Structures are given as C-alpha cells and as structure tokens.
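This briefing covers secondary structure, helix packing and charged side-chain pairs. Please consult the sequence and the structure shown here alongside the text.

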Amino acid sequence: MYQAKSGKIANGFQQQDGHNGFRYSRQPAIRYVVGLEPCRLAHSWTVKSSESRPLDYMELSLFTCLCCCWPIGFLALLQSIKVFNAWGDGDYDGARRASEAARVCNMMSIVFGFLMALVVAVVVIIETGYGKRINI
C-alpha cells in the first residue's frame, strides 16, 4: 500500500489535524512507490509566441501521397511533419517556410496527379478506338 509522508490519506488528499479532528488540505497527498522516481516530461507543449501555429497541411499531404502523384506527395508529407517539429522547437520562421513548402508540394502533386489521369484517359480512349466511334 502507499505511504504518506505525514497524516492519513482519504480520497487522494492528505489529511491534517485540525481542532475538530481531520480536515482536508488543498494539495493532493504525496505518495511514495518503491523503485519508481518521478519523471519529467521531455517536451513542453505551451506556445511561447503570440502567433498561432501555421497550417501543417497534414491531411492534404496524406491524401496527395496516396491518391495523386505520390513522390511529390511524400515530400509534402515530410514538410508537414517539419512544420510541427520546427514550431515545437521554437523555430517559428522555419515552421512558416515548411508550411509554405508543404502547400506548394501539395498543389503540385494534385496538378500532376490530374494531368497523369488525363493522359491515361486520353491514351485509353485512343487505344480502344472509342474516339473513332464518336468522331473525335
């Protein structure tokens, strides 16, 4: 069982002696577990800038990587990840540059994906002879 440094524990709060018996303090009881030490979080998620984080375009990057031109979509995905990492490290200008690069890569991937689909459709129409039947 857990041991408190002083006083008794009830409902997770340390009780201290008062004039009418026990009363609850405002701080949670300190509990000690043998073999475990408190750990410190590796990252602080508080934003220290008054600006908001730029868009990372993660969802669009996943879509373009899977459904459009995947090599350019993969570059967009890497830039989207870079936005989050740069912002967390405090590199606000780097985050904005990576956001812009992710947006440009996503747009290029969508355009190239559309052009490739158009070329494939034209080649299929020409090769199957469908165009001759409708006089194209």
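How do the axes of helix H1 and helix H2 come together, and at what angle do they cross? The axes of H1 (residues 58-67) and H2 (residues 70-88) come within 7 Å and cross at roughly 160°. The model is a predicted one, in which local features need pLDDT of at least 70 and side-chain atom pairs count only at pLDDT 80 or more, while totals for chains, interfaces and linings use all residues. Residues are numbered from 1 along each chain as its sequence is written, and side-chain values use heavy atoms, with hydrogens and water left out.

**Overall architecture**

- The secondary structure of the chain comprises four helices and five strands; helices (H or I, at least four residues) and strands (E, at least two) are DSSP runs, numbered from the N terminus.
- Read from the N terminus, the order of the elements is β-β-β-β-β-α-α-α-α.
- Of the 136 residues of the chain, 24% count as buried, where buried means under 20% relative accessible area, exposed over 50%, and partly exposed in between (1.4 Å probe, protein chains only).
- Among contacts between residues at least 6 apart in sequence, 50% join residues at least 24 apart; a contact means heavy atoms within 4.5 Å.

- Two packed helices are described by the angle between their axes and the distance between the axes.
- Axes are lines fitted to C-alpha atoms, for helices over the stretch in contact, and angles run from 0 to 180 degrees between N-to-C directions.
- With the axes of H1 and H2 crossing at roughly 160°, H1 is therefore roughly antiparallel to H2. Angles under 35 degrees count as roughly parallel, over 145 as roughly antiparallel, 65 to 115 as roughly perpendicular and the rest as oblique.
- H1 passes H2 in a left-handed crossing; a crossing is left-handed if the near helix is turned anticlockwise from the far one by less than a right angle, and right-handed if clockwise.
- H1 contributes Met58, Ser61, Leu62, Thr64 and Cys65 to this contact, and H2 contributes Trp70, Gly73, Phe74, Ala76, Leu77, Ser80 and Ile81.
- By class, the contact of H1 with H2 has eight nonpolar, four polar and no charged residues. Ala, Val, Leu, Ile, Met, Phe, Trp, Tyr, Cys and Pro count as nonpolar, Asp, Glu, Lys and Arg as charged, and the others, Gly among them, as polar.

**Packing against H3**

- The axes of H1 and helix H3 (residues 92-128) come within 10 Å and cross at roughly 30°, which means that H1 is roughly parallel to H3.
- The crossing of H1 and H3 is left-handed. Leu60, Ser61 and Thr64 of H1 meet Asn106, Met107, Ser109 and Ile110 of H3.
- The axes of H2 and H3 come within 8 Å and cross at roughly 160°, so H2 and H3 are roughly antiparallel to each other.
- H2 also passes H3 in a left-handed crossing. Residues making the contact include Ile72, Leu75, Val83 and Trp87 of H2 and Tyr92, Ala98, Cys105 and Phe112 of H3.
- The residues of the contact of H2 with H3 divide into 14 nonpolar, seven polar and one charged.

**Salt bridges**

- Side chains of opposite charge can pair when their charged atoms come close.
- The count comes to three salt bridges, each defined as a side-chain nitrogen of Lys or Arg within 4 Å of a carboxyl oxygen of Asp or Glu.
- Asp56 and Arg53 form a salt bridge at 3.6 Å, N to O. Asp56 is buried, with a relative accessible area of 18%, whereas Arg53 is partly exposed at 39%.
- Arg96 pairs with Asp93, the closest N and O atoms being 2.4 Å apart. Because Arg96 and Asp93 are three residues apart in helix H3, about one helical turn separates them. Arg96 is partly exposed at 33% relative accessibility, and Asp93 is partly exposed at 45%.
- Glu100 pairs with Arg103, with 2.6 Å between the closest N and O atoms. Glu100 and Arg103 are three residues apart in helix H3 and so are separated by about one helical turn. Glu100 is partly exposed at 37% relative accessibility, and Arg103 is partly exposed at 32%.

**Backbone feature**

- Tyr57 has a positive phi of about 55° although it is not a glycine.
- Tyr57 lies in the loop between strand E5 (31-32) and H1, and Tyr57 is partly exposed, with a relative accessible area of 23%.
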